[in-house]
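Here is a short briefing to read alongside the sequence and the model.

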Amino acid sequence: MEKSIINRYKINLNDETFEVKIWSNGDYSIGDSIYTPTIITNGNNTSIIKIDDKTYKVSIDENRLFINEDAVRFNYKPVFSNHKPQIVENMDVKTKIPGTITKVLVKESNVVKKDDPLLFLETMKMRIQICAPFRAIISKIAVKAGDRVDSNQALLSLSRK
Amino acid sequence: MGFSKVLIANRGEIALRAIHAAKMLDLKTIAIFSKGEENDRHVKLADDSFYLGDGNLADTYLNIPKILQACQEKGADAIYPGYGFLSENPDFAEKVSNEGYKFIGPSATAIANLGHKLMARKRAQEANLHIIPGSTTLIKDFQHALTIAEQIGYPVILKANYGGGGVGILNVESPLKMEEAYYHVTELLDSVQSNSEIYIERYLDHPKHIEIQFFADKFGNIIHLGERECSIQRRHQKLLEESPSTTVTEQMREELGELVVDFIRTYNYENAGTVEFLYQNGEFYFIEVNTRMQNEIGVTELVTNYDLILEQFNVALGHPLSFSQKDIKLKGHAIEVRINAENPLDNFHPSPGTIQSVFLPSNANTRTDTAIFKGYHVSPTFDPLIAKILAWDINREQCRKRLLTALSDFSIEGVTTNSHFHKILISSPEFISGKYDTKTIKNSTIMDILQKEQHHKAIALLAHSMKSNYDQNPYPLRSNVNMKNRGRI
């Protein structure tokens with residue numbers, strides 16, 4: 001029997017996002033990895049789920065989700081299969097992590113290739129290089145070296161080129 | 001030489017340890033703090049505190065004039081540097097002494113001489129320690145780097161002559177990669193520490209990192225306290241330490257320890273320090289000396305049963321060492337893991353935030369060194385280290401199990417940490433056998449297992465929430481019962 005994808009979900013688990021495909025034979029997959037979960041017991045708020053010989057206890061307590069007693073931040077949303085990826089024309093480059101800008105490597109109206117370094121951010125003794133997500137022209141630079149930035153703050157703006 | 005009021009020029013767990021030691025000796029303490037740290041434990045625990053203001057580290061914990069001003073205003077007569085920050089800055093040690101305060105650590109001259117890594121290498125070799133083949137002079141320019149690398153043979157490693165914390169270490173595979181690597185390292189060093197001197201060593205491909213703790217007093221007594229193995233690293237920064245090392249026999253410990261003591265004797269050294277080695281193919285290679293108390297002394301404290309921070313104060317007060325070489329017998333086994341606010345699966349990137357809840361493990365022979373509490377802000381300004389969990393037991397396997405139970409008990413909300421990574425690490429065959437080195441994280445399946453478990457969790461949560469959200473399960477999750485038949489259809 002051909003197996004087919006019957007659903008797709010985007011799951012965010014502690015700020016990390018996975019796309020999970022659910023297959024007609026009950027398999028779940030993330031990227032190239034295929035997993036076959038088994039529900040062993042299922043109480044009202046607690047499930048014991050076995051995957052690859054590992055057991056996970058999932059429970060909800062006062063609207064908080066726990067896996068094996070560890071609290072997790074979690075949400076999911078369906079990804080529709082007829083959904084066409086939208087091409088982003090303009091975007092702000094943001095930082096996930098707060099820190100200090102140590103160097104801006106580009107100027108406004110510069111053209112950059114995908115993965116070209118744009119600026120350096122230093123946080124907790126680590127230097128992080130922030131790169132261009134696609135070929136683009138720098139439309140605006142909102143920060144300079146020495147600026148302290150918060151998470152989700154826009155650092156510069158790009159237009160696809 | 002005595003002192004009665006100590007300014008603690010540090011924060012976090014090490015500041016707490018120093019304040020505890022001072023209290024044991026009936027000394028008064030002054031904490032320093034920057035904006036946002038008003039409620040931190042070290043500020044509460046010290047007798048008095050001095051506000052450094054807002055700004056980057058250069059304006060606060062690295063601001064020498066301001067710290068000296070704090071001493072003067074608060075009437076301190078000694079400074080405890082801790083680790084990191086100004087602890088290995090000879091300028092700081094010198095200014096502190098010149099102002100008439102006691103620096104709880106080695107002299108500015110000893111810090112400067114040992115901090116010049118190329119010079120320390122030379123003197124180590126003269127003291128019969130082996131060194132990794134490499135340059136005998138500083139690298140003048142990119143052409144010079146090419147010539148030297150050609151002589152010692154690729155792959156090589158470019159290393160900062162000053163500084164630590166893993167900044168400015170880069171390996172170079174071939175001459176083609178040299179230009180990029182050379183400029184990358186020197187520019188990076190220029191921007192972070194305004195000294196871009198480098199030298200070159202041959203690259204060892206699977207070394208263990210093993211270090212010897214030593215202690216010296218002003219009467220010329222120098223003793224060593226055995227070794228720690230710190231091979232588990234990411235970005236050249238340690239994540240796990242243990243003592244003793246599975247590699248080091250009693251005889252090796254004695255021989256290496258004696259060589260270390262003889263080497264340190266040439267420096268007129270006072271207080272604590274560590275000589276770091278790489279070990280590969282049966283040979284110990286000297287790499288550098290840390291002229292401060294290290295982060296990972298806890299494992300040495302557990303196997304020797306001495307309070308080494310208290311000993312630093314004792315020695316600084318002018319007393320002789322409270323133990324002799326024959327008192328040092330490593331008893332049992334200790335392992336420490338560093339809990340960092342970081343995500344191992346996102347390249348170990350830091351994860352600052354505010355701690356919503358925390359539970360710290362406690363058990364017989366289990367210790368947690370930390371300064372965090374519910375509501376504590378893990379700031380992007382500082383190192384991601386938030387706690388160290390240590391276990392001791394009569395042998396390594398018991399110790400490992402004890403640590404595993406402690407890690408299972410540890411829980412925290414508000415920041416992502418590497419605690420689960422540590423559980424997988426210490427359960428791995430590499431760690432259990434002791435056959436691990438500085439490349440194990442990269443070359444083992446530890447990261448794959450961690451990634452897979454993360455996938456499992458995502459799927460388990462999705463499966464669970466579908467079960468919970470729909471009365472009838474619309475998706476074909478398997479139950480135990482029909483599972484058996486499925487494969488045969």
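**Interface and cores**

A salt bridge joins the side chains of Asp54(B) and Arg148(A), at 3.1 Å from N to O. Please keep in mind that this is a predicted model. The rule finds two salt bridges across the interface of chain A and chain B.

**Where chain A meets chain B**

- On the chain A side, the residues touching chain B comprise 30 nonpolar, 15 polar and twelve charged.
- Eight residue pairs, both at pLDDT 80 or more, are in polar contact across this interface.
- Chain A brings 57 residues to the contact, and chain B brings 55 residues.
- About 4,900 Å² is buried between the two chains, and carbon and sulfur atoms give 61% of that area.

**The largest nonpolar core**

- This core has 34 residues, and those touching the most other members are Leu240(B), Ile339(B), Val378(B), Ile386(B), Ile389(B), Leu403(B) and Phe421(B).
- In chain B, at least two core residues come from each of strands S11 (237-243), S14 (333-340) and S21 (385-393), and likewise from each of helices H12 (396-409), H13 (419-426) and H16 (446-469).
- Leaving aside residues up to four places away in sequence, Val378(B) touches Met124(A) in the other chain, along with Ala341(B), Pro352(B), Gly353(B), Ile355(B), Ile386(B) and Val415(B).

**A second core**

- A separate core of 32 residues has Ile8(B), Ala15(B), Tyr80(B) and Ile309(B) among its members.

Conventions:
Residues numbered from 1 in each chain as written. Chains lettered and ligands numbered in written order. Predicted model: local features only at pLDDT ≥ 70, side-chain atom pairs only at ≥ 80, totals over all residues. Heavy atoms only, no water. Contact = heavy atoms within 4.5 Å. Buried area = accessible area lost by both parts, 1.4 Å probe. Salt bridge = Lys/Arg side-chain N within 4 Å of Asp/Glu carboxyl O. Polar contact = N/O pair within 3.5 Å; in protein donor to acceptor, adjacent residues only side chain to side chain. Nonpolar A, V, L, I, M, F, W, Y, C, P; charged D, E, K, R; others polar. Core = buried A, V, L, I, M, F, W, Y, C linked by side-chain atoms within 4.5 Å. Buried < 20%, exposed > 50% of the residue type's maximum accessible area, 1.4 Å probe, protein only. Helix = DSSP H or I, 4+ residues; strand = E, 2+ residues; numbered from the N terminus.
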